[in-house]
Each structure stands twice: as C-alpha cells, then as structure tokens.
Amino acid sequence: MEMFPAGKPIVTALDAVFYHKGDGLPHDYDGRLSMCELIYKVSGDTVVQFGEQTLHEKAGDLRFLPSGRASAVYPLEPTEPGSSIYFRFMLSTPFPDKAFLFTPANPAAFQLLFERLHHTWLLGAPGYYAESMALVYRIIALMEEQQSAYLPGTHTAILDRATSYLEEHCFDPEFDYTALSRAAGVSYSYYKRLFLKRHGVTPSRFILSLRMRRATELLSAGMFSVAEVAAATGFTDAAYFSRVFRRELGVAPSQYMKKKSTST
C-alpha cells in the first residue's frame, strides 16, 4: 500500500497536538472528520471501529485517519489501558480514503518525534508552529523511508543474530557497537548499512531513541531524580544526559517531569 499516493505530501495546516490517555470512550465529532489524524500508540492495546473498518492497534503502531471519511462517532475498545499522542492536519495532496495502521521497524524513533512535537506545541515558544510543521514532515518522511525498506531474508537473518545483544545491552554506559557486527558475523560497516536500510536510522541513533524513550517513561513515573534516570538509561553524566534529552525532545528533563506531573 502506498501511504501517500502523490509521493509528495503537502501539509497545509496543523491544528492541534494531544497526549491522550485512553478511556474507551467513543470519539465524537460534529459531522465528519474535518482533518486527517495521525496517532502514535504509546502503550496499551485497542480495537478501533472506524466506519466499516476494524483496526487492532498495539503499542508502537501508528494509525492514520482520513478526513471526511467517517461518521460522527467512532468507538475505541481498549483491551489493555494505554495512551497515545496524535495530531490533526490538512493535506493538499491526495491521501488514502481509508484508515490504516503502520507498524514501524523502529517505534522508539517515532515516539521521540511525537513526544517532541507534543512538547513543542505545548510550550508555544517563538517559532513553535514552524518547528512543529518540520516535525510532522519528519514523521511522514520516516514512515515513507521505513515502508520502502526491503531486505532479503538472508540479510534480515544477519541483523536478527545481533538482536539479543542489542536488547540486553542497550542501556550499558559503554555500549559496544562492534559487538553487534561480531554477533551478526559481518563487518561493522556492512552491518550498519543493513541496519540503516531496515530501520531508517543508524545503530547509534536507534540506541539513543531507545534510551530517550525509556527516559521519558521513568520521568513520567515521577519516582526518580534526573540523575537516577540518567544512570538507568546508560549515561554516567547527568548534565550530559540533560543536554542530550533537551536536544532530542526540545525540553529539559526537569521540565518534562514537571509537565507530566501537572497533566495527570
């Protein structure tokens, strides 16, 4: 399926960005959807009934809803409570006339982009709208990059041989990237090339996205200090962790923690 048939999606307006804690209540609109929606499922498991379509979304999935294609109400039935981040936008180019789910190879990269979009929009600093639009385009671009990625089974098998090491050691302060290629049985340059094609990012960016996603989870819990979160996500220097977090999400860890506590 081609997500955006025109090949060059043009976003003409961005209406709102929300962080939603799923409650199972139906979404109610005055008439039909006036804008498209793109939703990142942060956590949980939900069955969505959109017109005649039934979509079963899980954590890490993205859901696209087209404008003007549904009745005034569509129900959400959570089988496991969770949360989502989503935004409403207008496209001036052709787009799918049906809702669809997209399961990315690297959900953590999308969560970082959605988290940053949400905080950029909430903070409303000078230039926030332009920066928000840039993030929307980056999300769409990453979707297209990952959709077009194809690897033969033999190449996928090479990457899979290193998956266990990556999952077990991604929060190690001194993560050994060459250990990935050794586990895969190939040179690092070749492993990195395959990894980039499959995930749309380099191994180092992938690890960073995992660390930042874990950091947002720990900060949201409100039970740990910034230094403790830094140590738990592989950073030996809390100040450096704070700089990286601000660079990636557009807000300092302490501010992120404060906003999460006031929004719950």
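1. Asn106 counts as buried because its relative accessibility is 1%, where buried stands for under 20% relative accessible area, exposed for over 50% and partly exposed for what lies in between, with a 1.4 Å probe and protein chains only. Asn106 sits in the loop between β8 (100-102) and α1 (107-123); helices (H or I, at least four residues) and strands (E, at least two) are DSSP runs, numbered from the N terminus. Apart from neighbours within four places in sequence, the contacts of Asn106 are Gln146, His199, Val201, Phe206 and Ser209, a contact being heavy atoms within 4.5 Å.

2. The model is a predicted one, in which local features need pLDDT of at least 70 and side-chain atom pairs count only at pLDDT 80 or more, while totals for chains, interfaces and linings use all residues. Residues are numbered from 1 along each chain as its sequence is written, and side-chain values use heavy atoms, with hydrogens and water left out.

3. On the overall make-up, the protein has ten helices and eight strands, and 46% of its 264 residues are buried. Of the contacts with a separation of 6 or more, 75% are between residues 24 or more positions apart. The accessible surface comes to about 12600 Å², and 54% of this surface belongs to carbon and sulfur atoms; the areas come from the Shrake-Rupley method with a 1.4 Å probe, and for residues only the protein chains shown count as cover.

4. The largest nonpolar core holds 28 residues, and Leu38, Leu62, Phe87, Phe89 and Ile139 have the most contacts inside it; such a core is a set of buried Ala, Val, Leu, Ile, Met, Phe, Trp, Tyr and Cys residues joined through side-chain atoms within 4.5 Å. At least two residues of this core come from each of β1 (11-21), β3 (36-50), β5 (62-65), β7 (76-91), β8, α1 and α2 (128-148), and α2 gives the most, with seven residues. For Phe87, again leaving aside neighbours within four places in sequence, the contacts are Leu14, Ala16, Val17, Cys36, Glu37, Leu38, Phe114, Leu117, Val136 and Ile139.

5. Strand β5 deserves a separate look. In a regular strand the side chains alternate between the two faces of the sheet. Both faces of β5 are covered, with Leu62 and Phe64 buried on one side and Arg63 and Leu65 buried on the other. β5 runs antiparallel to β3, to which four bridges join it, and antiparallel to β8, with three bridges; strands count as paired if DSSP finds at least two bridges between them. Across these pairings, Leu38 stands opposite Phe64, and Arg63 stands opposite Leu101 in β8.

6. On the cysteines, a search of the whole structure finds zero disulfides, a disulfide being a pair of cysteine sulfur atoms within 2.5 Å. Cys36 counts as buried because its relative accessibility is 1%, and Cys170 counts as buried at 6%.

7. Helix α7 (residues 203-221) passes a simple check of length, because its 19 residues, at 1.5 Å a residue, should span 27 Å and its end C-alpha atoms are 27 Å apart; the expected span is 1.5 Å times one less than the number of residues. The buried residues of α7 include Phe206, Ser209, Met212 and Leu219, and Phe206 and Ser209 are also among the contacts of Asn106. Just after α7, Gly222 takes a positive phi of about 70 degrees.

8. In helix α5 (residues 177-184), the buried residues are Ala179, Leu180, Ser181 and Ala184, and their cover includes α3 (153-160), α4 (163-169), α6 (188-199) and α7. Just after α5, Gly185 takes a positive phi of about 80 degrees. Ala157, in helix α3, counts as partly exposed because its relative accessibility is 33%; the C-alpha atoms of Ala157 and Ala184 are separated by 8.5 Å, although the two residues are 27 apart along the chain.

9. Finally, Ala230 belongs to helix α8 (residues 226-232) and, at 1% relative accessibility, counts as buried. Leaving aside neighbours within four places in sequence, the contacts of Ala230 are Phe235, Ala238 and Phe241. Ala230 and Pro173 are 57 residues apart in sequence, and their C-alpha atoms are 9.9 Å apart in space.
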